[in-house]
Amino acid sequence: MYPPEEVWDPMKELWDLMKEEVWNKGVWNFMKRKKTRDCIMFLVFNILLNFMDIITDIMTAVELMKSGDYMWSIQTILWMFAPFLVELLLIALINAKEKDGVKKGLKETLINLPLMVPIVNSGLLRDLAKVEYSEPMEKSDQAELERIRMKAGKHSLMQGYLESGPQLLLQIHIILCTG
């Protein structure tokens, strides 16, 4: 029922690191570390905001359902699944000719289900916390950092264009219709 340990372990490790740094060295020294700052920014922008977006969409759909606006509630829920459905269609069309093409692309498609992006990005946060920051930074670490950022960006891109944008338009329409 609860998320697997591999989701919570990186967050616990990051929390322990933050607690130790703040307690022993003070807040200023804690924020001066680039690795810590990068991990916190990744946590806020790629996990927490994504999670809160999905939760507020669910709350909006439930509230619309309670008020009797069933069509708007269903539209809100459908927009939450739009990135998944579009990705599924793309995978089916692109990989239809290959024998195992659809199965191969299905994993990337499942990431676009609601609440999956924050979970997957939690694993990327763990990978980010493992990257060794040094001056100058080694090329392998730079490549790993770039891989993590690109993967998180790709996950969020579909959500932004196919869920959040249409959700905004729907909510503006609801406000203009109801006053």
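## Ground rules

This is a predicted model, where local features need pLDDT of at least 70, side-chain atom pairs count only at pLDDT 80 or more, and totals for chains, interfaces and linings use all residues. Numbering starts from 1 along each chain as its sequence is written, and side-chain values use heavy atoms, with hydrogens and water left out.

## Salt bridges around Glu 144

A search of the whole structure turns up five salt bridges (a side-chain nitrogen of Lys or Arg within 4 Å of a carboxyl oxygen of Asp or Glu). One of them pairs Glu 144 with Arg 147, at 2.8 Å from N to O. Both residues sit in helix H6, three residues apart, or about one turn of the helix (helices are DSSP runs of H or I, at least four residues, numbered from the N terminus). Arg 147 is also partly exposed, at 34% relative accessibility. Through shared partners, salt bridges link Arg 126, Asp 127, Glu 144 and Arg 147 into one network.

## Asp 38 and its two partners

Asp 38 is buried, at 11% relative accessible area. Its side chain meets Lys 34 in a salt bridge at 3.5 Å, N to O. Lys 34 is partly exposed at 44%.

Asp 38 also forms a salt bridge with Arg 149, at 3.2 Å from N to O. Arg 149 belongs to helix H6 (residues 139-178) and Asp 38 to helix H2, so this pair ties together parts 111 residues apart in sequence. Arg 149 is partly exposed, with 41% relative accessibility.

## Lys 35, buried without a bridge

Lys 35 lies in helix H2, which covers residues 34-66. Lys 35 is buried but has no salt bridge, and the nearest side chain of opposite charge is Glu 132, 5.2 Å away (Lys and Arg count as positive, Asp and Glu as negative; His and chain ends are not counted). Setting aside neighbours within four places in sequence, Lys 35 is in contact with Leu 128, Ala 129, Lys 130, Val 131 and Tyr 133 (contact means heavy atoms within 4.5 Å).

Note on methods: Helix = DSSP H or I, 4+ residues; strand = E, 2+ residues; numbered from the N terminus. Buried < 20%, exposed > 50% of the residue type's maximum accessible area, 1.4 Å probe, protein only.
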